[in-house]
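Subject: Structure for you to look at

Dear colleague,

I am handing over the structure below, together with some notes on its aromatic rings and a few other residues. Please read the notes with the structure open.

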Amino acid sequence: MATGHDDHHHGPAKGFTRWLYTTNHKDIGSMYLWFSFAMFLLGGTFALVIRAELFQPGLQFVEPEFFNQMTTMHGLVMVFGAVMPAFVGLANWMIPLMIGAPDMALPRMNNWSFWILPFAFAMLASTLFMEAGAPNFGWTFYAPLSTTYAPSTVTFFIFAIHIMGASSIMGSINIIATIQNLRAPGMTYMKMPLFVWTWLITAYLLIAVMPVLAGVVTMMLFDIHFGTSFFSAAGGGDPVLFQHVFWFFGHPEVYIMILPAFGVVSEIIPTFSRKKLFGYDSMVYATSSIAFLSFIVWAHHMFTTGMPLAGELFFMYATMLIAVPTGVKVFNWVTTMFKGSISFETPMLFSIAFVVLFTMGGFTGLMLAIAPADFQYHDTYFVVAHFHYVLVPGAVFSIMAAAYYWLPKWTGNMYDEALGKLHFWLSFVGINILFFPQHFLGLAGMPRRIPDYALQFADFNMVSTVGAFIFGFSQLLFLFIVVKTVLGGKKATAQVWEGAEGLEWTVPSPAPYHTFTTPPLVP
């Protein structure tokens, strides 16, 4: 297929133009994954600046202003640059293969939705070199800090957010169009792999909430440049309105970052347990329930804004309700492993760590859902510990599990299992040394996003920083493993995952598509 007038005359595109013009879902998936890894390293570097400053009390390395820029940029780059594009990359690579589609439904738009991202993040990162300095108002960019008192570079930030949002919306439309229209004959919805299901639901979430984010940054833009007062009490507006609009986007967003992770571990755990996933139907319904509930809990981020008691009660109980479908999923994963013939290859190690540590993050989330208790936890390191337990051993570990699980499929080569296990254990130990002490810091009253702290917090901060550097530098090992696998290694066989006990087990290949019948073909 000609991908531009240039190729029409000179055969297939070579070198850089191949990647620039590609409409191939595998190429685009790979670009998303490499881009997200670059952003992961960038955002991780910002985090290490934060942790280095907090290694001891007092101001050591950076000015408070730069510290604030680091907290802001770390959050923005990790959420919009690392986690989300990584999951979109996995979706691009795997969804067509899993549903028997020749490619994504809208390949041109697929190319466009990727290529606008590097420009968005280049623009965001370039603010670090501008006179006014990078955004310094936190990744949640609460008004009036992000409007009345913001550096002039906030305009670049707003434009970057618009571009990322456009990318997400186009990617989601593409995923929905692909899943709804390009499934192989006989692949009914309830026969789709769970990774496909979780992404279908995630794509609907993205289409619902990305315009809300676009709306709130547009309102900011108007407040800053055009004399409106959406978020200014002086002109009849309300700063709390910003929080409502932001979190109406922001809460479904945190589920957008975890639902594809649920899909990934639901593929991996059955493989290494040599058993079918326990409770497939309930997994689909639980995922849908979580997605629905994610829209009616946003103000649990706002218990301290002085809402009426009835509001506190509603958002408290609605938030607690999410624990039910989430508990169903955890139960199903554990039950899948129960009495299975488990082997502990790297993807399984990351998946088991995911189940254990994500569940812990879920419990601290339940603690935060209790409105009167949240008055104590709010804006402390307890919140930081909570959401990092969900996002790092949660989202990030699942992305790493997916990379190890599918690398043989992507490259035709087997990764180095010993190095993979080393990477897992370094990451696992590092992440717990990094975030577990932060629960104690938060309960003892240490506020987040502050570059200095009282002496009684010194020991746990020192421990936390050591963990951060262990975790951060062990990701260079991950880079080495992936590059080494891409360049060569033992060839992957049709039975990629052989058990440690020599048990050969593969997911049964689907029958040729014209022989699908209802009921499903199961032995």
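This is a predicted model: local features need pLDDT of at least 70, side-chain atom pairs count only at pLDDT 80 or more; totals for chains, interfaces and linings use all residues.

Residues are numbered from 1 along each chain as its sequence is written, and side-chain values use heavy atoms, with hydrogens and water left out.

A search of the whole structure finds 49 aromatic pairs (rings of Phe, Tyr and Trp, the last by its six-membered ring, with centres within 6.5 Å; planes under 30 degrees apart count as stacked, over 60 as edge-to-face and the rest as tilted). Among them is the edge-to-face pair of Phe137 and Phe157, at 5.3 Å centre to centre and 65° between the planes. Because Phe137 lies in the loop between α5 (107-126) and α6 (154-181) and Phe157 in helix α6, this pair ties together parts that are 20 residues apart in sequence (helices being DSSP runs of H or I, at least four residues, numbered from the N terminus). Phe137 counts as buried at 3% relative accessibility, and Phe157 does too at 1% (buried means under 20% relative accessible area, with a 1.4 Å probe and protein chains only). Both residues belong to one aromatic cluster, which also includes Trp139, Tyr142 and Trp247.

Elsewhere, Ser351 lies in helix α13 (residues 346-369) and is buried, with a relative accessible area of 0%.

Best regards

Technical notes. Helices (H or I, at least four residues) and strands (E, at least two) are DSSP runs, numbered from the N terminus. Buried means under 20% relative accessible area, exposed over 50%, partly exposed in between (1.4 Å probe, protein chains only).
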